[in-house]
Amino acid sequence: RSGWRQSSGGNDALRPDERSDQLSLQGTGSRPRLILGSGSPRRLEILAQLGVTPDEIRPPDVDETPLPGEPPRSYCQRVTLDKTRAVPRDRGEIVLVADTTVALGRRIFGKPADKGEAAEFLTKLSGRRHKVITSVTVAADDGMRSRSVESIVKIKRISDAELNGYLDTDDWKGKAGAYAIQGPAGALIPWISGSYTAIMGLPAHETAMLLSAAGYPLFGAGR
C-alpha cells in the first residue's frame, strides 16, 4: 500500500518524519489534548499502564466490512486509517485510534453477530494457530503515524463443555474472533508469539513510540 513502509519485526510504519527508536521520557510545557478514537475499555486499561489518560473519547462510526479479497493486514490498516479520518480533531489535539483483526489464513473473523456465530468462530479456531493484527494510528498537526503489529495465538482443542461454558459467560460479545485473551478465554490459550498488549487491542510499546514521536510525552513528563 502506498505510504506504508515495511520495517523490521513485521511492523509497518507511516509517518511524516524518519522513524526514531528513542522514546522521549521528558517534555516541557503541558501535554497536548489526547483524543482516544475508541470506546474499548481494554485500550483505556493499556493506556493507563503507560500513565496516559485521554482527555476525551470520540469513538468513530465507520463501515468495517472487508473488501472482496482484502488481505487481513491490509484490511486492519485500512479500517484504522478510516477510523482516524472519521474522528474530529481540533488543531493542537492528538488522536489515537486502533483496530484489531483476528484472521485464520485469509479469513477475517470480526465481531460475532450472535452466540451461534461466536460458536462457529471458536470451533474453526479450536486446536489451531491464528494471527491477531493490531494497527495503531496517531494523528497530529504534522500528519499521521501508524504501526501494525502481528502476533500468533494458539487456541487449544475446545471440548463441547468448554465451548458451551465459555459462550455462557457472554465474554465473546463485541470481541473480534469471539474472544479476549485477558478474559475467560485466556484459559483456552496455551501459547502466543508476539505482543500480549497488541492481542488485547493496543500494543503498548508501539503506542508509546507513536505518542512520543507526535509530541505527547510519556510517564508523567510535561504535566
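Modeller: Before we dig in, one cut-off: a residue is buried when its relative accessible area is under 20%, exposed when over 50%, and partly exposed in between. Keep in mind too that this is a predicted model.

Colleague: Okay, then is Ala178 buried or exposed?
Modeller: Ala178 lies in the loop between H4 and E9. Its relative accessibility is 0%, and the cut-off for burial is under 20%. So Ala178 counts as buried.

Colleague: Which class does Asp170 fall in, going by its accessibility?
Modeller: Asp170 is also a loop residue, between H4 and E9, and has a positive phi near 65°. Its relative accessibility is 37%, and anything from the burial limit up to the exposure limit of 50% falls in the middle class. So Asp170 counts as partly exposed.

Colleague: What separates the C-alpha atoms of Asp160 and Ala119?
Modeller: Along the chain they're 41 residues apart. Asp160 belongs to H4, and Ala119 is one of the H3 residues in the contact between the two helices. The C-alpha separation is 10.0 Å.

Colleague: Let's stay with those helices: how are H3 and H4 oriented to each other?
Modeller: H3 covers residues 115–125 and H4 covers 160–169, and they pack at about 135° with axes 11 Å apart. An angle has to be over 145 degrees to count as roughly antiparallel, and 65 to 115 would be roughly perpendicular. H3 and H4 are therefore oblique.

Colleague: Which residues of H4 make the contact with H3?
Modeller: H3 passes H4 in a right-handed crossing. On the H3 side the contact is made by Lys115, Ala118, Ala119, Leu122 and Thr123. By class, the whole contact has six nonpolar, one polar and two charged residues. The H4 side is Leu163, Tyr166, Leu167 and Asp168.

Colleague: On to the strands. How many of the residues of E5 are buried?
Modeller: E5 runs over residues 94–104. In a regular strand the side chains alternate between the two faces of the sheet. In E5, Ile94, Leu96, Ala98, Thr100, Val102 and Leu104 point one way and Val95, Val97, Asp99, Thr101 and Ala103 the other, all of them buried. The count is eleven of eleven.

Colleague: What is the bridge partner of Asp99 in E7?
Modeller: E5 and E7 pair in the antiparallel sense, over nine bridges. Asp99 is one of the buried residues of E5. In E7, its partner is Ser135.

Colleague: In which sense do E3 and E5 pair?
Modeller: E3 is residues 34–36, and three bridges hold the pairing with E5. One of the partner pairs is Leu36 with Leu96. The sense is parallel.

Colleague: Which residue in the turn between E5 and E6 has a positive phi?
Modeller: E5 and E6 (residues 107–109) pair in the antiparallel sense over three bridges, with Leu104 partnered by Arg107. They form a hairpin with two residues between them. The one with phi of about 65° is Gly105.

Colleague: How many bridges join E7 to E8?
Modeller: These strands, residues 129–140 and 143–154, run antiparallel, and a hairpin joins them through two residues. His130 has Val153 as its partner in E8. The bridge count is twelve.

Colleague: What's the bridge partner of Lys154 in E9?
Modeller: E8 also pairs with E9 (residues 191–193), in the antiparallel sense over three bridges. In E9, Lys154 is partnered by Trp191.

Colleague: Last one: leaving aside its neighbours within four places in sequence, which residues is Ser195 in contact with?
Modeller: Ser195 sits in the loop between E9 and helix H5 (196–200). At 15% relative accessible area, Ser195 is buried. Beyond those sequence neighbours, the contacts are Val149, Ser151 and Pro203.

Conventions:
Residues are numbered from 1 along each chain as its sequence is written. This is a predicted model: local features need pLDDT of at least 70, side-chain atom pairs count only at pLDDT 80 or more; totals for chains, interfaces and linings use all residues. Side-chain values use heavy atoms; hydrogens and water are left out. Axes are lines fitted to C-alpha atoms, for helices over the stretch in contact, and angles run from 0 to 180 degrees between N-to-C directions. Helices (H or I, at least four residues) and strands (E, at least two) are DSSP runs, numbered from the N terminus. Angles under 35 degrees count as roughly parallel, over 145 as roughly antiparallel, 65 to 115 as roughly perpendicular and the rest as oblique. A crossing is left-handed if the near helix is turned anticlockwise from the far one by less than a right angle, and right-handed if clockwise. Contact means heavy atoms within 4.5 Å. Ala, Val, Leu, Ile, Met, Phe, Trp, Tyr, Cys and Pro count as nonpolar, Asp, Glu, Lys and Arg as charged, and the others, Gly among them, as polar. Two strands pair if DSSP finds at least two bridges between them. Buried means under 20% relative accessible area, exposed over 50%, partly exposed in between (1.4 Å probe, protein chains only).
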